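Try each task on your own before you read its solution.

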Amino acid sequence: MNRWLPFEWIAAIRFLKEGRTQTLFIITAVAIGVAVIVFMSALLASLQANFIKRVLTSQPHIQLIPPDEIARPQRFDRPGLAVAATVQRPAQRIRSIEQWQKIAALLKTWPDITNVSPTMVTSALAVRGDSNRSITVTGIDPDIYFRIVKIPDYIVAGQTRVLTDDILIGTELARDLGVKLGDKMIVSAATGASRVLTITGIFDLGNKAANQRSTFVALRTAQTLSNLVGGVTTIDLTVKDVYAADKIANTIGAATGVEADSWIKTNSQFFTAVNAQTLSNTVIRIFVGLSVAFGIASVLVVSVIQRSKDIGILRAMGTAQGQILRIFLLQGGLLALAGAIVGASTGGCAIVFWHSYLRQPDGTELFPLVIDPMLFVEAILIAAVTGVAAAAFPAFGAAKLDPVVAIRG
Amino acid sequence: MLRDIDLVLRRREFVALMGPSGSGKSTLLNIIGLLDRPTSGRLFIEGSETSTLDDAAITRLRGRSLGFVFQYHYLISAFTALENVMMPLLVENEFPSEKIRERARALLHEVGLTPWENNLANNMSGGQQQRVAIARALAMNPALILADEPTGNLDTKSADQVFEMMRVVNRREGTAFLIVTHNLDLARRCDRIIELVDGRISKL
């Protein structure tokens, strides 16, 4: 008997030890439940983290664009005169963000914002010989822009040099035009302006449509093509906390008058999916937790009946009701704790094993594994609390036992 | 069940309680043992009147002043002999200190069970278990030990041993005993015999 343990702990541990089979079975049941929760949560967290990482390496966290142009009809609101006005939405010209240098300079001073990259986006035709394709031309300042969208990671041929006569194109466009590194192609914009550009790099963004349409040129080149010298159509931003992007976007919109769209808004479907996953995971957690709790409760209810004589003796020897209560609450807590420790480590090992077993055809991992140690701490703590709570009903029953009746059996 | 009971148990007394089954012996024992409350009448234990005490105080008084030995010994099977003897002391003191351990060892020595102190309760003979129960009843140094047919389940030799053990404890420690028994031989070796018939004391 350990002399550093209080009496209730000793009694609880001894009772659990004596009912060995029951104890083992219920610990196994708790362990399976906790393992499922840990495995699922770790898997979900990894997949979501992986998806978010993929999304965020190919697009800015916040994009600023000029506000829409709207028609303001003139009305003659005179008494007795009715005006039937049809207001037509004006066509949206490609416009520069007004005072973009000032806005960019302001945003650079905000501590939440890590990168500010002005870009010029326009559409154009890529022409080579008889073939032509419509493309999106993005004029960038490579040093800043590549910090937001990691084009260098996707380059399959050439380099990321973007001088005034250079262009980076996707693999699909290169195939369609029949061009290779170092070839020249004509880019003509809707404005009538056209330039001959040299292909310095070919990238593969992992998406066929993007590889067909996306091209990158120097900011100055795009400005010339779209007849907006000195202008930019968008300002791309990255922020420190990606999940705060929506809030920061709203603040920027209010402070500058431009339209600010966060990645959360532009990927709202993805977030709907994430929320649905998280919700179903929570529901599964709750029900697994409930079944574990009822398992523990039922084992302890039986144990109280089996031990009613022991309880009677303890009461006859002066054990207080509160002590009996604690003995059974502790048993619930200890069962859940032991089960949770076994379950959390099993679940953790299972996800690591499963992750290493599941490979892409080329042998690389399917997705990077994200295991938050807090997940284990949380699972174990919640299980212990659940165990104590589940023990409440049987424990009160044990404490309420009349010693005379209990001893007579 | 019980009527007109007027009974005084003195310190150091060794009393037998006899009577046919159904005469109220166990009820009387439970009331004196504070396990049951009387519907009327008063009970004094070491000078304190018990009908006004609340459950917690009753539990405390029961733990300190009274010891119990039952027919079916009722040791807690999950614990060893030594731990069963320590049990009443633990209830009071929470932590099993070396002092408590020593006290329990001394009590087991007194009932002659030192070699068996680490046996689980279930791995001992009936007589041995009953002696452990007596040691346990003595742990808090109670004024009175209530024994409900302590020898009822034992063979003659073990019954004699257990009875002698109680008598020795009574003389050495000065603990009073109230023993329910059907065995007239044993009852005659007590200081006094109380006989219950139909809930009344018929002979003192």
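**Exercise 1. The interface**

Task: In this predicted model, find how many residues of chain A are in contact with chain B, and which helices of chain A supply residues to that side.

Solution. Start with the contact lists: 21 residues of chain A are in contact with 25 residues of chain B. Helix H1 (7-18), helix H12 (308-316) and helix H15 (403-408) of chain A each supply at least two residues of the side that touches chain B. H1(A) gives the largest share, five residues. Finally, sort this side of chain A by residue type: twelve are nonpolar, three polar and six charged.

**Exercise 2. Two chains in outline**

Task: Describe the secondary structure, burial and contact range of chain A, then those of chain B.

Solution. Take chain A to begin with. Its secondary structure comes to 15 helices and ten strands, and 38% of its 409 residues are buried. If you keep contacts between residues at least 6 apart in sequence, 80% of those in chain A join residues at least 24 apart.

Now turn to chain B, which has seven helices and eight strands. Of its 204 residues, 44% count as buried. Among contacts in chain B with a separation of 6 or more, 73% come from residues 24 or more positions apart.

**Exercise 3. Strand pairing around S3(A)**

Task: Work out which way strand S2 and strand S8 of chain A run relative to strand S3 of chain A.

Solution. Begin with strand S2 (residues 113-128) and strand S3 (residues 131-140) of chain A, which are joined by nine bridges and run antiparallel. One pair to look up is A:Val121, whose bridge partner in S3(A) is A:Thr138. Then follow the chain from S2(A) into S3(A): the two strands form a hairpin with two residues between them. In that turn, A:Gly129 has a positive phi of about 60°.

Move on to strand S8 (residues 214-218) of chain A. Five bridges join S8(A) to S3(A), and these strands run parallel. Here A:Gly139 stands opposite A:Val217 in S8(A).

**Exercise 4. H3(B) and its helix partners**

Task: Classify how helix H3 of chain B packs against helix H4 and against helix H5 of chain B.

Solution. For the H4(B) case, read off the geometry: helix H3 (residues 81-93) and helix H4 (residues 98-110) of chain B pack at an angle of about 135°, with their axes 9 Å apart. H3(B) and H4(B) are therefore oblique to each other, and their crossing is right-handed. Residues of H3(B) that take part include B:Leu82, B:Met86 and B:Leu89, while those of H4(B) include B:Ile100, B:Ala104 and B:Leu108. This contact divides into ten nonpolar, one polar and three charged residues.

For the H5(B) case, the axes of H3(B) and helix H5 (residues 126-138) of chain B come within 7 Å and cross at roughly 30°. B:Ala81, B:Asn84, B:Val85, B:Met87 and B:Pro88 in H3(B) meet B:Val132, B:Ala135 and B:Arg136 in H5(B). By type, the contact holds six nonpolar residues, one polar and one charged.

**Exercise 5. Buried or exposed?**

Task: Decide whether A:Leu337, B:Glu46 and B:Glu149 are buried or exposed.

Solution. A:Leu337 sits in helix H13 (residues 321-357) of chain A. It counts as buried because it has 20 C-beta neighbours inside 10 Å. Leaving out residues up to four places away in sequence, A:Leu337 touches A:Ile380, A:Ala383, A:Ala384 and A:Gly387. A:Val385 is 48 residues from A:Leu337 in sequence, yet their C-alpha atoms are 8.7 Å apart.

B:Glu46 lies in the loop between strand S2 (44-45) and strand S3 (48-49) of chain B. Its phi is positive, near 45°, in a residue other than glycine. With 12 other C-beta atoms within 10 Å, B:Glu46 is exposed.

B:Glu149 is in the loop between strand S5 (144-148) and helix H6 (156-173) of chain B. Although not a glycine, B:Glu149 has a positive phi of about 45°.

Definitions and conventions: Residues are numbered from 1 along each chain as its sequence is written. Chains are lettered from A and ligands numbered from 1 in the order in which they are written. This is a predicted model: local features need pLDDT of at least 70, side-chain atom pairs count only at pLDDT 80 or more; totals for chains, interfaces and linings use all residues. Two residues are in contact if their C-beta atoms, placed from the backbone, lie within 7 Å. Helices (H or I, at least four residues) and strands (E, at least two) are DSSP runs, numbered from the N terminus. Ala, Val, Leu, Ile, Met, Phe, Trp, Tyr, Cys and Pro count as nonpolar, Asp, Glu, Lys and Arg as charged, and the others, Gly among them, as polar. Two strands pair if DSSP finds at least two bridges between them. Axes are lines fitted to C-alpha atoms, for helices over the stretch in contact, and angles run from 0 to 180 degrees between N-to-C directions. Angles under 35 degrees count as roughly parallel, over 145 as roughly antiparallel, 65 to 115 as roughly perpendicular and the rest as oblique. A crossing is left-handed if the near helix is turned anticlockwise from the far one by less than a right angle, and right-handed if clockwise.
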